[in-house]
Amino acid sequence: MEENEMAGWIDFSISSAYKVMYPGVAFGLTLISECRTLSDSTEFDQYKRNLLRRMRKRESLSLISQRIDVYDRFFRSFGFECPLPQHLNRAIHSGFPRYNLMVDAHFMAEMCAGILVAVTDYDRIEGRLMLDVARGGETSVGMGGRQFIITEGEILLRDEKDIICVLCQGADEKTKVRNDTRNVLFYSYAVPGIDGTYLREGLTVAAQTMTRFGGGDIKGLDIFDKDPQP
C-alpha cells in the first residue's frame, strides 16, 4: 500500500510500510531541467572555494560533523560503512573533488549540509518513484554491476521497474548521470535524528549550483517529512 504525496512536479509516493517503520523521517527531491555542461570553470572553482570556506568554519563544521555521525550510526546498525565521514575528511583536507558539474553539486550539497544526497538522470527513471522499506529476500544491482543483498527494513527508492537506490548500499547503474544527462534529479534521505530542514538546505545548494553553472531550471524542490494533509 502506498500514499501519494503532494508535489505537482513529480509522481512520487511514500509506502505505508515506510511511514510505519520510519514515521516522520524526511525525504527530499529537487529536479533541474535542461542542464548543460559547465561553461565557466574559473568562476565555478571560486564558487566551490567560497562554499568550502563557509563549511570549514568551526561552528558550521561542528554541526555538520554531528549530523554525519547520526548517519554513520544508522548505517552501522545495518552493518554498513557510511561514506559521509570519509567525504568530510577529504573535503576538510583537500577540498571538494572535481568530477563533473552534476556530481560536484551532489558532493557540495552533502558536505555543506551534512546530509546524504544522490544524483540521478531523471529521464532514465521508469514511472512513479516510491520511497519504501525492503521486504525479505530482495536484491538489486548497483553501479558497476555490484549485487546488493538487501536486509528487510532497509530504506530504498524504487521506480515502477527496479530498486534504484538502497540507502545504506548505493544507487543503481541504470539511472546514473552521464555526459548527455539534461534533466537532473537530486534526492536526499534523512535518517532518524535528522530534521528535514537540513535536506532542504543541501538540496538548495545542489539546485542553485546547477542553475547557475549548468543553465538549468528548477522544476521543483520538496521535502516530505510528515503525512500529507487529507
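Let's start with salt bridges: a search of the whole structure, which is a predicted model, turns up 16 of them. I'll walk you through a few.

Take E43 and R212, whose side chains meet in a salt bridge with an N to O distance of 3.1 Å. These two are 169 residues apart, so please find both helices on your screens: E43 is in helix α2, residues 41-55, and R212 is in helix α6, residues 196-214, which means that the pair links distant parts of the chain. As for the setting, E43 is partly exposed, at 35% relative accessible area.

Now have a look at K174. Which residue does K174 bridge to with closest N and O atoms 2.6 Å apart? That partner is D159. Here the link runs from loop to loop: D159 lies in the loop between β8 (155-158) and β9 (163-166), while K174 lies in the loop between β10 (170-171) and β11, with 15 residues separating the two. Is D159 buried or exposed? D159 is buried, because its relative accessible area is 7% and the cut-off for buried is under 20%. K174, for its part, is partly exposed at 23%.

K174 also has a salt bridge with D162, where the closest N and O atoms are 2.8 Å apart. D162 sits in the loop between β8 and β9, 12 residues away from K174. With a relative accessible area of 29%, D162 counts as partly exposed. Elsewhere, shared partners tie salt bridges into one network made of D45, K48, R98 and D104.

One more charged group before we change topic. The charged end of R67 sits over the ring of Y198, at 3.9 Å from the ring centre.

That brings us to rings. There are 12 aromatic pairs in the structure. One of them is F27 with Y189, an edge-to-face pair with 5.3 Å between centres and 70° between planes. F27 belongs to strand β3 (residues 27-33) and Y189 to strand β11 (residues 184-189), so this pair also links distant parts of the chain, 162 residues apart.

In soluble globular proteins, nonpolar side chains tend to be buried together. Here, the largest nonpolar core has 75 residues, and the members touching the most others are F12, L29, F186, Y187 and Y189. Which helix gives this core its largest share? Helix α5, residues 101-113, contributes 10 residues.

Note on methods. Residues are numbered from 1 along each chain as its sequence is written. This is a predicted model: local features need pLDDT of at least 70, side-chain atom pairs count only at pLDDT 80 or more; totals for chains, interfaces and linings use all residues. Side-chain values use heavy atoms; hydrogens and water are left out. Rings of Phe, Tyr and Trp (its six-membered ring) pair if their centres lie within 6.5 Å; planes under 30 degrees apart count as stacked, over 60 as edge-to-face and the rest as tilted. Helices (H or I, at least four residues) and strands (E, at least two) are DSSP runs, numbered from the N terminus. A charge sits over a ring if NZ of Lys or CZ of Arg is within 6 Å of the ring centre and within 35 degrees of the ring normal. A nonpolar core is a set of buried Ala, Val, Leu, Ile, Met, Phe, Trp, Tyr and Cys residues joined through side-chain atoms within 4.5 Å. Buried means under 20% relative accessible area, exposed over 50%, partly exposed in between (1.4 Å probe, protein chains only). A salt bridge is a side-chain nitrogen of Lys or Arg within 4 Å of a carboxyl oxygen of Asp or Glu.
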